[in-house]
Amino acid sequence: MFKDFKKLQVKMPKKFSIWHIIIAFGFFILLQMYLMNPGVRDITYSEFKKLVKEGNVLECHITNTIIRGKLREIERGTTKNAIFIAARVDDPDLVKDLESMGIKYAGHYESPWFKTFFFSWVIPLLILFVIWRLVFKRFGPASSIMTFGKSRGRLYAQEDLNVTFDDVAGIDEAKEELQEIIEFLKTPEKFRALGGKIPKGVLLVGAPGTGKTLLAKAVAGEAGVPFFNMSGSEFVEMFVGVGAARVRDLFNQADQKAPCIIFIDELDALGKARGANPMGGHDEREQTLNQLLVEMDGFDSNKGVIIMGSTNRPEMLDSALLRPGRFDRQVVVDRPDLLGREAILKVHAKEVKLEKEINLHSIAAMTPGFVGADLANLVNEAALLAARRNKKAVGMPEFEEAIDRIMAGLEKKKRLMNKKEKEIVAHHESGHALVACSVPHADPIRKISMIPRGIGALGYTLQKPTEDRYLMTRSELMDRIAILLGGRVAEEIIFDEISTGAQNDLEKATEIAKLMVKEYGMSDKMGLVTFEQGDRPLFLSGGFASSKEYSEETAREIDLEIKKIIDESFHRVKALLTEKKEILSGMAKTLMEKEVIEGEELKKLLEELHKANGKNVSVAQAS
Ligand code: ADP
Ligand code: ZN
């Protein structure tokens, strides 16, 4: 279809802008001025008569409305000819005067309809047409009926990607699994000679931002092959049939560029299970999906075209897509662990200047749960902060602030709370922190703050996990629940009243208790039984797992056990905070003054408060 790729790129629509219209209008006005009035002197009829009498008119054409001609002009001593135009007046002496002066003249009958027609119809229509074309081009080729079905937009191969496996860090297992694909793309002949079967489709499964697109690009970069990048949602257009045509075009082009990689981002937008929509099928998507299946089947994989898809919801995909010969190989792209995060930070830190004492390992330790994209964002934010502070290199304070920002949304210092709300929030957060400093198995507190950030949260207490946890003991989980309840219990003790601010804490606490009973077998009564299978993606476990594998009776007992854990924790926290009520109030007071208390300060503050109140410092874990 598109034989020559260069040509295709030339044909790509230019960006439409208001300048096009302005230039078009300017041009039109100039044209009109020229046609109507091509550099002529506009003179009155009486002037014309005078010029005739002086013998300065050389020749003239007379139409029924105007007189146009050449006249002689004396300007700064030199004579030159100029064109003039004058409106014609009914003057019976005109011809006589012209003849008496010996001036050449000719009559014209000019029919006005042509000009009128030209200016009031042809030109406006032309302009409308031009604008129409520009506007349609702007909204993309698919909305123009004329380019219907041709996936011109973004569909071109990226070559010389300059992305290698060195740019992808922290997901070594996935990289290893893709090594074979690279070998194949590099030397397809070798594999063909051996008669080996190479997968056609590879599905990258992982959360957004874990680096799936980057990984696919790196595979193309390592193998040195062209890379076609399309998003699943781009296929689904408003006209039925466009998506299918796009798929056809895509495979056509890939065919000519083989060996190459086709990458389809958000495969789930396109490959959602057919019939999964309760409102009835989505014709267009189904057609597109069918076309994709047809193309994949009709493709000879030994040609060297690898189709990579990415999704974060593999269980949503139509099972037809996962059959042998299609996306039959799945590569899981995990969230990076501590070492992985450090490696990713290293990759992105190359691009900025860091202070010498920066410890990427400790930054990685502060960012559990961050994916590659978050970490890239973090380095960038920190660099921006350093620039704003006119620093020569990025230091730890910038990183810490950037982490806080990304973790909890931007600080909204301007948002005001009334005094009562402030008091409640201060006591709530102090409650969390005080419990965390008093129980034996808590992560140290990094910061308490009552500066609202993002939506919903009025304050927050940040704990600093020292490492990623894969194993947790029962007492650790119980301590976690206690810390979560600390906020609400503090409100209750101080104000004898509770606010809506603790809802999220309660949810999390209940969630932990539920896991303890149902999955970890940590409840005495229910014993060593698991009532829930891990959420395995459906395509791995095969078929739909029934969601409940126990009786109503058991369900009630589980609920009772969960409630018991929460209740016990509640009493424990209440006893603890009641005993340290003065300390709690002291902390809240300091917090209201300072708005933020950092780890070191908190430790000192707690020591002082304990001394002042004659309590012995228990496990003050603040760091
Ligand atoms: P996904 O496709 O999984 O949503 P992307 O590949 O688009 O994620 O990742 C977005 C950006 O985040 C990348 O361009 C890269 O800068 C950064 N990034 C993500 N994962 C990694 C990683 N493992 N190593 C290095 N950078 C990463
Ligand atoms: Zn809370």
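Student: What kind of model is it?

Tutor: It is a predicted model. The protein averages a pLDDT of 78, and 79% of the residues score at least 70.

Student: Where is confidence lowest, and where is it highest?

Tutor: Confidence is lowest in helix H1 (residues 5-11), with a mean of 35. Helix H8 (residues 212-223) has the highest, at 92.

Student: Which stretches stay under 50?

Tutor: One of them is residues 1-14, where pLDDT stays under 50 and the model has 22 contacts beyond four places in sequence. Residues 619-623 also stay under 50, with 20 such contacts in the model. Where pLDDT is low, the predicted coordinates should not be read in detail.

Student: OK, and how many helices and strands are there?

Tutor: The protein has 23 helices and 13 strands. Of its 623 residues, 43% count as buried. Among contacts between residues at least 6 apart in sequence, 74% join residues at least 24 apart.

Student: Where do His428 and His432 lie?

Tutor: Both are in helix H17 (residues 419-438). They are four residues apart, about one turn of the helix.

Student: Buried or exposed, those two?

Tutor: His428 and His432 are both buried.

Student: At what angle do H17 and helix H21 pack?

Tutor: H17 and helix H21 (residues 552-579) pack at about 95°, and their axes are 11 Å apart. That makes H17 roughly perpendicular to H21.

Student: Which residues meet there?

Tutor: From H17, Gly431, Leu434, Val435 and Ser438 meet Val573, Leu576 and Leu577 of H21.

Student: Now the sheet. What is the order of its five strands?

Tutor: The order is S7-S8-S9-S6-S10, in an open sheet with parallel pairing. Strand S7 (227-231) and strand S10 (329-332) are the edge strands, each pairing on one side only. Neighbouring strands of this sheet are turned by 20° against each other on average, direction ignored.

Student: How many bridges join S8 to S9?

Tutor: Five bridges join S8 to S9, and these strands run parallel. One pair of bridge partners is Ile262 and Ile307, the latter in S9. On the other pairing of S8, S7 and S8 also pair in the parallel sense over five bridges. Ser231 stands opposite Asp265 in S8.

Student: And what about S6 and S9?

Tutor: Strand S6 (residues 201-205) and strand S9 (residues 305-311) run parallel and are joined by five bridges. Val205 has Thr311 in S9 as its bridge partner.

Student: Why is strand S8 called largely enclosed?

Tutor: Strand S8 (residues 260-265) has five of its six residues buried, so the rest of the structure largely encloses this strand.

Student: Why does Leu289 count as buried?

Tutor: Its relative accessible area is 1%, and buried means under 20%. The C-alpha atoms of Leu289 and Ala244 are separated by 7.6 Å, though the two residues are 45 apart along the chain.

Definitions and conventions:
Residues numbered from 1 in each chain as written. Chains lettered and ligands numbered in written order. Predicted model: local features only at pLDDT ≥ 70, side-chain atom pairs only at ≥ 80, totals over all residues. Heavy atoms only, no water. pLDDT = per-residue confidence, 0-100. Helix = DSSP H or I, 4+ residues; strand = E, 2+ residues; numbered from the N terminus. Contact = heavy atoms within 4.5 Å. Buried < 20%, exposed > 50% of the residue type's maximum accessible area, 1.4 Å probe, protein only. Pairing = 2+ DSSP bridges. Axes fitted to C-alpha atoms, helices over the stretch in contact; angles between N-to-C directions. Parallel < 35°, antiparallel > 145°, perpendicular 65-115°, else oblique.
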